[in-house]
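Let's take a friendly walk through this model together.

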Amino acid sequence: MITIALINNKGGVAKTTSTASIGAYMSYIGKKVLMIDSDPQANLTAHFNFKKEEQTIYTAFKDFKEDPENAKLPLLKINDCLYLVPSEPDFERIRENVFNYAEPNRILQRLLMPFKEHFDVCLIDLPPAKDVYAKNALFACDGVLIPIQASKFSLDGVNSLVSFLMKLKKEGFLNFEIIGSFLSMYDERKSISTAVKDVVAEFFKEKMFSTVIRINTDIEKAQANGEDIFMFAKNSNSAADYGKLTEELMKRINLN
């Protein structure tokens, strides 16, 4: 199982949308995909129309504290190849209580171990912060994917994010790599989108994905309908873009 964290310390850059869309596309071509909603806002959970689940990532983290050997992540089935570990607002409490754990940054890594032989890919959706959720994902992942919104202030914090990633990798002796970065909400009619694309490409160089995700209202409609973009509007620009992005991603991680 290849584990990928979608991370950016800015909100509104399409981390959740990208996790859902990449995961859905992979599942439709036969890849077994596990998505982790590691955000107390639980937007990925809501995206697939799940609400107030009794078992969540939060209950798994709580159980891990009491009984690490028997704690389990709960899985919700979306289709035969796509599964979700849901979140909930109470997951916010982990931020306060995490230091009561022996190895607070390795909880998710341990919880994911039983699934490594059963899935091809694990995608982790994260809140916009460099905190316990991000650290748990980074200790567990093989690679990092950085969505960046094509807007004026999109590059704010990118330098500090990359510095945070490299510092944590060095201090924790971690093996994850930055797979790359891609632009979301790209509007080819606006000069700012082109300008941001050029700057991001210069910053990430060969790590920059050639595919951009064009701005499209079908994404919001799909979310409101509790569906992925391929089910809701398979002929939309968003579906085409996420399909191309996912194909590009699979080549980079050698997922054939």
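## A serine in a loop

Is Ser 38 buried or exposed? Its relative accessibility is 2%, so Ser 38 counts as buried (buried is under 20% relative accessible area, exposed over 50% and partly exposed in between, with a 1.4 Å probe and protein chains only). Ser 38 sits in the loop that links strand E2 (33-37) to helix H2 (43-47); helices (H or I, at least four residues) and strands (E, at least two) are DSSP runs, numbered from the N terminus. Not counting residues up to four places away in sequence, Ser 38 touches Ile 57, Phe 91, Ile 124, Asp 125, Leu 126, Pro 127 and Tyr 133 (contact means heavy atoms within 4.5 Å).

## About the model

This is a predicted model, in which local features need pLDDT of at least 70 and side-chain atom pairs count only at pLDDT 80 or more, while totals for chains, interfaces and linings use all residues. Residues are numbered from 1 along each chain as its sequence is written, and side-chain values use heavy atoms, with hydrogens and water left out.

Helix H1 (residues 15-28) has 14 residues and should span 20 Å at 1.5 Å a residue, which agrees with its end C-alpha atoms being 20 Å apart (the expected span is 1.5 Å times one less than the number of residues). Of those 14 residues, 13 are buried, so H1 is largely enclosed by the rest of the structure. Just after H1, Gly 30 takes a positive phi of about 95°.

The axes of H1 and helix H11 (residues 237-252) come within 9 Å and cross at roughly 75°; axes are lines fitted to C-alpha atoms, for helices over the stretch in contact, and angles run from 0 to 180 degrees between N-to-C directions. H1 and H11 are therefore roughly perpendicular to each other (65 to 115 degrees; under 35 is roughly parallel, over 145 roughly antiparallel and the rest oblique). Residues making this contact include Ile 22 and Tyr 25 of H1 and Leu 245 and Leu 249 of H11.

## Nonpolar cores

Which residues touch the most other members of the largest nonpolar core? They are Ile 36, Leu 73, Leu 112 and Leu 165, in a core of 55 residues (a set of buried Ala, Val, Leu, Ile, Met, Phe, Trp, Tyr and Cys residues joined through side-chain atoms within 4.5 Å). Helix H6 (residues 132-140) gives the most to this core, with seven residues. Apart from this core lies another, of 35 residues, among them Ile 4, Ala 14, Val 121 and Ala 233.
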